[in-house]
Amino acid sequence: MKYPAWFMRFNFQTQREFLYMKRKYLSCLNFKEDCQVLDIGCGPGDITRYGLLPLLPKTAKKLVGIDLSSQMVDFAKKFHQDDDRVSFQQLDICTDSIPPHFHNCFDHAFSFYCLHYVPDLRKAIANIHRMLKPKGDFFANLFSYNYLFDIYEQLSTVEKWKPYVHDYKRKMNQFQNTVNFKEYFQNTLSNGGFNVR
């Protein structure tokens, strides 16, 4: 993502969904005292700083947001790293080499609207598991289907619109046409070492 400010300005869906999850699920989580927390796919950092941080105990040691995009991380550092406990770092969750200081580091990990875009979900899940402490927990939400990609597919067959949507499959959710996404995702988590709740 090249334009973090635009992303924040027009990303009402993520903000609205975060508030919904906060009411329905996140308020039920038992955060550990002195916890260290990871936000995977933090984007411009607004939800990391103003959504997640206020949910954590006052004794939380650190909240680290990671993102593949250097532009997003630079933006997050500039505008949302105003608390000593919050930091942002560029990191590909599908990397072959997680930084050693992140191994068995985090008590809790979160990912909001990120994992459906990763090219290798199994590797991402294995990396997340590697970064969590024993008995650490992971909360994720992701799209299994988005009707917009069906529209893009239809537009790609119309000469007038083809130049504008020719590369839609590069940005398409990898699960768009998965028949039983929930079972697939649960199996991927289980195979990656997680107990699914």
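Which element gives the largest share of the lining of the second largest pocket? The answer is β5, with 10 residues. The views below come from a predicted model.

**View 1. The second largest pocket and its lining.** This pocket has a volume of about 1,200 Å³. Its lining counts 32 residues. Nearest the centre of the pocket lie F138, F139, A140, V196 and R197. Several elements each supply at least two lining residues: helices α2 (12-24) and α9 (181-191), and strands β4 (106-112) and β5 (132-141).

**View 2. Residue classes in the lining of the second largest pocket.** Nonpolar residues number 19.

**View 3. A nonpolar patch on the surface.** Four names make up the patch: Y147, L148, I151 and Y152. Together they have about 360 Å² of accessible area. I151 sits in helix α6, which spans residues 147-155. Is I151 buried, partly exposed or exposed? I151 counts as partly exposed because its relative accessibility is 36%, and that class lies between the cut-offs of 20% and 50%.

**View 4. K58 in its loop.** The loop holding K58 runs between α3 (46-52) and β2 (62-67). K58 has a relative accessible area of 79%, so this residue is exposed; the class begins over 50%. How far apart are the C-alpha atoms of K58 and D34? They are separated by 8.2 Å. Along the chain, K58 and D34 are 24 residues apart.

Note on methods. Residues are numbered from 1 along each chain as its sequence is written. This is a predicted model: local features need pLDDT of at least 70, side-chain atom pairs count only at pLDDT 80 or more; totals for chains, interfaces and linings use all residues. Side-chain values use heavy atoms; hydrogens and water are left out. Patches are made of residues with over 30% relative accessible area and no salt bridge: like charges are joined within 9 Å, nonpolar side chains (Val, Leu, Ile, Met, Phe, Trp, Tyr) within 5 Å. Accessible areas come from the Shrake-Rupley method with a 1.4 Å probe; for residues, only the protein chains shown count as cover. A salt bridge is a side-chain nitrogen of Lys or Arg within 4 Å of a carboxyl oxygen of Asp or Glu. Helices (H or I, at least four residues) and strands (E, at least two) are DSSP runs, numbered from the N terminus. Buried means under 20% relative accessible area, exposed over 50%, partly exposed in between (1.4 Å probe, protein chains only). On a 1 Å grid over the protein atoms alone, a cavity is a set of points where a 1.4 Å probe fits but cannot get out, and a pocket is an open set with protein on both sides within 12 Å along at least five of seven lines; lining residues have an atom within 4 Å of a point. Grid points are joined across faces, edges and corners, and a volume is the space filled by probe spheres set on the points. Ala, Val, Leu, Ile, Met, Phe, Trp, Tyr, Cys and Pro count as nonpolar, Asp, Glu, Lys and Arg as charged, and the others, Gly among them, as polar.
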